[in-house]
Amino acid sequence: FTLGLFLALFATGLAGAVPEELQAALNAFRPDPAKGWSYTQRTEGDGRSTEEHHDAAKPEFERWSLTRKDGREPTATERREYLEIRSRRQPQSAAPRITEQFDLATVETLRTDDARAVYRLKLRPGEASDHTAEHLQATVTVWRATRTIETIELANLAPFSPSFFIRIESMRTLLRYAPPTAERPSLPIEVRTSLRGRAFWFKSLDADLTVTYRDYGPARAKSP
């Protein structure tokens, strides 16, 4: 829920000129792991944790399994409930492409070296009811050798109220990716979100969420 909230709400250089390597990195970007790759996903937040395994070799609705819950083996009931919830979720490819909200006319080059280039830009509203994007800015770090994204950081410029009943003091999302190699594509490593704010002047909205990815491997066909 917290990650969905972040994605849905959400120097120097010549502003408005999109560097070629940034455009190439945005064109190649995908927020979720590439198709055909298996991995383990761990989610931690609010004192709870879950570990799930995605087996890309299995049929679409059988790929996910719950492997750990709050640091222990899940019960049979927890596994069954997990599968019921998973069956109602959208396919993996439905993950939002946050880069589509980047306002490329506002891009600034912050710094470059032999390995990386760092850019800053503003966000466009995703829809008419989006009153958050105008308060955020994106900082994008690109691996220059591979023209792929290393990190995307979304953060608010100052406290703001997306609605009359909500006050956001700070909002930050950081996405990290490993560069591609000859053996694998660029793959996500970590997503961190942090929110500080209040609703109705008394209810805390403070939340932190971390999603990490590990044990990547290409899908392998099962032996008959």
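**Exercise 1. Identify the residues of the nonpolar surface patch and classify Phe165 by its exposure.**

Step 1. In this predicted model, the patch consists of Phe164, Phe165, Phe200, Trp201 and Phe202, and together these residues have about 680 Å² of accessible area. Patches are made of residues with over 30% relative accessible area and no salt bridge; like charges are joined within 9 Å, and nonpolar side chains (Val, Leu, Ile, Met, Phe, Trp, Tyr) within 5 Å. A salt bridge is a side-chain nitrogen of Lys or Arg within 4 Å of a carboxyl oxygen of Asp or Glu. Accessible areas come from the Shrake-Rupley method with a 1.4 Å probe, and for residues only the protein chains shown count as cover.

Step 2. Phe165 belongs to the loop that links strand S8 (160–163) and strand S9 (166–178). Strands (E, at least two residues) and helices (H or I, at least four) are DSSP runs, numbered from the N terminus.

Step 3. Phe165 counts as partly exposed because its relative accessibility is 41%. The classes are buried (under 20% relative accessible area), exposed (over 50%) and partly exposed in between, with a 1.4 Å probe and protein chains only.

Residues are numbered from 1 along each chain as its sequence is written. As the model is predicted, local features need pLDDT of at least 70 and side-chain atom pairs count only at pLDDT 80 or more, while totals for chains, interfaces and linings use all residues; side-chain values use heavy atoms, leaving out hydrogens and water.

**Exercise 2. Determine the strand partners of S12.**

Step 1. Strand S12 (residues 207–218) pairs with strand S1 (residues 37–45) in the antiparallel sense, over 7 bridges. Two strands pair if DSSP finds at least two bridges between them. Within this pairing, Arg42 has Thr212 as its bridge partner in S12.

Step 2. Strand S10 (residues 187–199) also pairs with S12 in the antiparallel sense, over 6 bridges. Here Leu209 of S12 stands opposite Thr193.
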